[in-house]
Amino acid sequence: RLQPRVSGCPRGFSVSVGIAVQGPVGASFDRFYHDADLALYHSKSTGKGRFSLFDPSMTHEVRIARKA
């Protein structure tokens, strides 16, 4: 396991990832990017070091969170 150092001091880090699968041929890049961004938002909201695959229900979750 790598442990990066900054100015000689060990530092830890974690990575959260949002994954989207491009839809049908001709689907816009903007939509693809938006879906991946929602999956990333979902990953970060569930804790550090997670990954999420986009699901259409995530759109609904974000709308509810924005209203709160």
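## Exercises on a predicted model

**Exercise 1.** Leaving aside residues up to four places away in sequence, which residues does Met 58 touch?

*Solution.* With those sequence neighbours set aside, Met 58 touches Leu 38, Ala 39, His 42, Ser 52 and Leu 53. Keep in mind that this is a predicted model.

**Exercise 2.** Locate the salt bridge in the structure and describe where its two partners sit.

*Solution.* First, the whole structure holds one salt bridge. It joins the side chains of Arg 31 and Asp 35, at 3.3 Å from N to O. Both residues belong to helix H1 and are four residues apart, about one turn of the helix. Now check the cover: Asp 35 has a relative accessible area of 10%, so it is buried. Arg 31 has 42% and therefore counts as partly exposed.

**Exercise 3.** Which residues make the nonpolar surface patch of about 740 Å², and is Phe 13 buried or exposed?

*Solution.* The patch is formed by Phe 13, Val 15, Val 17, Ile 19, Val 21, Phe 51 and Leu 53. Strands S3 (17–19) and S4 (51–53) each give at least two residues to it. Phe 13 lies in the loop between strands S2 (9–10) and S3. Its relative accessibility is 63%, so Phe 13 is exposed.

Key. Residues are numbered from 1 along each chain as its sequence is written. This is a predicted model: local features need pLDDT of at least 70, side-chain atom pairs count only at pLDDT 80 or more; totals for chains, interfaces and linings use all residues. Side-chain values use heavy atoms; hydrogens and water are left out. Patches are made of residues with over 30% relative accessible area and no salt bridge: like charges are joined within 9 Å, nonpolar side chains (Val, Leu, Ile, Met, Phe, Trp, Tyr) within 5 Å. Accessible areas come from the Shrake-Rupley method with a 1.4 Å probe; for residues, only the protein chains shown count as cover. A salt bridge is a side-chain nitrogen of Lys or Arg within 4 Å of a carboxyl oxygen of Asp or Glu. Buried means under 20% relative accessible area, exposed over 50%, partly exposed in between (1.4 Å probe, protein chains only). Contact means heavy atoms within 4.5 Å.
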